[in-house]
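Open the model and keep the sequence beside it. We will walk through it piece by piece.

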Amino acid sequence: MNDILIIGGGLSGAMLAAQLLRQPGQRHIQIVEPRAELGRGEAYSATELGHTLNGNAARMSVDPDNPDDLTQWLTAHIAAGGWPESDAQQEPVAELFPPRGLFGVYARQRLAEAQAVGAAQGSTLTHVQGEVIDLQADPDGVLLTLADGSQLHGARAVLATGMFPAARTRQRQSSGLNAAAVDPWDVQAMRGLDPEGRVLIIGSGLTMVDAVVSLEQAGHRGRIQVYSRHGLLPQVRRQPPGWPDFLAADSSIRTPLQVWRALRRQCREAVAAGIDWQAPLDTVRANIGRLWSQASDWHKRQFVRHARPWWESHHHRSPPPSAALLQRLLAQGRLQIAAASLLGLAPAEAGQVAIRLRDRGQALERIDTGVALINSTGIEYDWRRVDRPLPRQLLARGLIRPGPLALGIWAEPDGAVIDAEGHAARRLFAMGPPLRGLWWESTAVTDVALQAKALAHTLVAPGAGPSVH
Ligand SMILES: Cc1cc2nc3c(=O)[nH]c(=O)nc-3n(C[C@H](O)[C@H](O)[C@H](O)COP(=O)(O)OP(=O)(O)OC[C@H]3O[C@@H](n4cnc5c(N)ncnc54)[C@H](O)[C@@H]3O)c2cc1C
């Protein structure tokens with residue numbers, strides 16, 4: 001029997017395996033992942049050089065004990081000729097925004113190194129290429145059923161299933177939308193569009209930024225119309241200096257309104273001192289998990305209703321090269337952004353796509369048309385709406401329950417999944433994006449790296465499970 005079965009081999013699954021393999025002792029780990037390569041997932045399978053990380057190398061280490069890990073790897077990789085295009089950039093390596101595909105190479109290499117360390121202790125890691133469609137807990141462990149009918153048995157399992165992009169899931173309010181839409185990262189499909197045609201994009205976050213980069217790569221020269229509820233574009237990421245952690249220093253600041261007021265005060269002080277407002281904002285990031293998990297449901301709702309669009313556009317910032325492209329297209333009048341709600345699809349002539357909209361603050365519906373539609377509305381965090389077999393089965397079996405505000409699933413702070421009756425599982429854990437409701441920010445490279453380390457320690461702790469040595 002396997003010690004640990006990891007479901008999903010994106011960055012979370014791969015980094016958890018790496019941490020486990022580096023722990024003393026012998027263990028057998030299996031990762032089930034449909035993709036051919038571990039460590040990539042959706043984000044780091046990118047093949048376009050223009051699809052870059054949204055943070056510079058100094059912010060994207062997968063080693064929580066060494067923040068310079070990616071910078072060091074990248075420096076060696078560039079020296080070996082692995083990223084010739086970086087020659088054109090003047091910044092130090094720590095300040096570069098690497099292509100996400102290259103980050104995938106880095107993650108895989110770190111996993112391979114951990115595998116070698118583990119092998120010296122008799123540990124094994126196996127990649128089973130497939131999709132888990134069902135999970136049952138039995139007295140001896142956990143039984144996974146894969147789409148091809150095969151089964152795997154293990155002492156414990158970890159849900160590292162990542163994010164379910166809204167662009168790839170069924171949506172109640174806009175059935176048929178995704179069938180009519182072009183994938184935001186599919187440059188090849190975009191090459192088939194009329195290059196002068198007007199393209200409609202729904203959503204204005206970082207996926208939209210990627211979609212505009214994809215259109216540019218595909219040689220599109222026409223107009224691009226972006227619609228989102230608030231019409232806010234992501235801010236550009238700069239490299240602000242450090243700033244005192246004002247939230248850690250004052251534990252009386254707890255509610256969203258208190259945080260907002262303190263942050264505004266700090267930003268004003270920073271700007272008055274000639275320092276970027278991004279410096280105080282970045283200190284909020286380190287406290288967001290604590291603030292969110294301490295908050296009442298009412299305060300969480302208040303944050304989601306009032307502050308979320310602002311948080312998303314100011315915290316999830318755009319890499320400078322992509323931001324520069326957007327600014328250029330805006331200045332040329334080729335890119336336009338408007339605040340409107342999507343109501344659904346409308347009938348359209350052949351070769352066209354039409355959508356029904358309501359502009360913000362207006363009562364009347366209107367229709368807009370283009371040669372293509374790109375759905376970049378982000379992530380579907382509500383597992384009840386994810387049209388995949390495993391989430392459906394886990395809910396049907398009562399092994400999971402929707403997380404706070406229906407964001408992801410419930411779990412203990414150590415990742416032990418909480419079932420429909422409120423009991424913490426001994427054999428089923430989760431990490432990364434499924435824990436959105438627990439931590440709010442549970443997706444980025446640094447979140448995943450920290451959680452992988454903590455969960456590995458939990459899983460190998462003495463007495464943690466029957467067959468973990
Ligand atoms: C396009 C994009 C760009 C991003 N850019 C950045 C960035 O620049 N910086 C940053 O910090 N973060 C970024 N992120 C966030 C990113 O999601 C995380 O950094 C990280 O990839 C999360 O890893 P994960 O393994 O939890 O999820 P994922 O990468 O989503 O991987 C989950 C894996 O689980 C597999 N899986 C799901 N269900 C099953 C099943 N039933 N059986 C078997 N396998 C299954 C999937 O195939 C997938 O490979 C980006 C995300 C996206 C989508």
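Helices (H or I, at least four residues) and strands (E, at least two) are DSSP runs, numbered from the N terminus. Two strands pair if DSSP finds at least two bridges between them. This is a predicted model, in which local features need pLDDT of at least 70, side-chain atom pairs count only at pLDDT 80 or more, and totals for chains, interfaces and linings use all residues. Residues are numbered from 1 along each chain as its sequence is written, and side-chain values use heavy atoms, with hydrogens and water left out.

Start with strand 4 and strand 5. They form a hairpin with two residues between them. Strand 4 covers residues 132–138, and six bridges join it to strand 5 in an antiparallel run. Look for L135: its bridge partner in strand 5 is L144.

Stay with strand 5, residues 141–146. How many of its six residues are buried? Six of the six are, and the strand is mostly covered. Here buried means under 20% relative accessible area, exposed means over 50%, and partly exposed lies in between (1.4 Å probe, protein chains only).

Strand 5 also pairs with strand 6, residues 151–159. The sense is antiparallel, and there are four bridges. V142 stands opposite G154 of strand 6. These two strands form a hairpin as well, with four residues between them. In that hairpin, G149 takes a positive phi near 95°.

Now move along the chain to another hairpin. Strand 11 (residues 353–359) pairs with strand 12 (residues 365–370). The pairing is antiparallel and has six bridges. V353 has G370 in strand 12 as its bridge partner. Five residues lie between strand 11 and strand 12, and G361 in the turn has a positive phi of about 85°.

Next come the helices. Two packed helices are described by the angle between their axes and the distance between the axes. Axes are lines fitted to C-alpha atoms, for helices over the stretch in contact, and angles run from 0 to 180 degrees between N-to-C directions. Helix 1 (residues 11–22) packs against helix 15 (residues 445–460) at an angle of about 45°, with the axes 8 Å apart. That angle makes helix 1 oblique to helix 15, because angles under 35 degrees count as roughly parallel, over 145 as roughly antiparallel, 65 to 115 as roughly perpendicular and the rest as oblique.

Which residues of helix 1 make the contact? They are L11, S12, M15, L16, Q19 and L20. Helix 15 brings V445, V448, A452, K453, L455, A456, L459 and V460. Contact means heavy atoms within 4.5 Å.

R22 also sits in helix 1. Is it buried or partly exposed? R22 counts as partly exposed, because its relative accessibility is 43%. Leaving out residues up to four places away in sequence, R22 touches R110, E113, A114 and V117. The C-alpha atoms of R22 and N2 are 17 Å apart, with the two residues 20 apart along the chain.

Compare Q266 in helix 8, residues 256–272. Q266 counts as buried, because its relative accessibility is 15%. Beyond its neighbours within four places in sequence, Q266 is in contact with W243, F246 and P280.

Finish at a loop. D68 lies between strand 2 (28–32) and helix 2 (69–79). At 40% relative accessibility, D68 counts as partly exposed. The C-alpha atoms of D68 and A57 are separated by 8.0 Å, and the residues are 11 apart along the chain.
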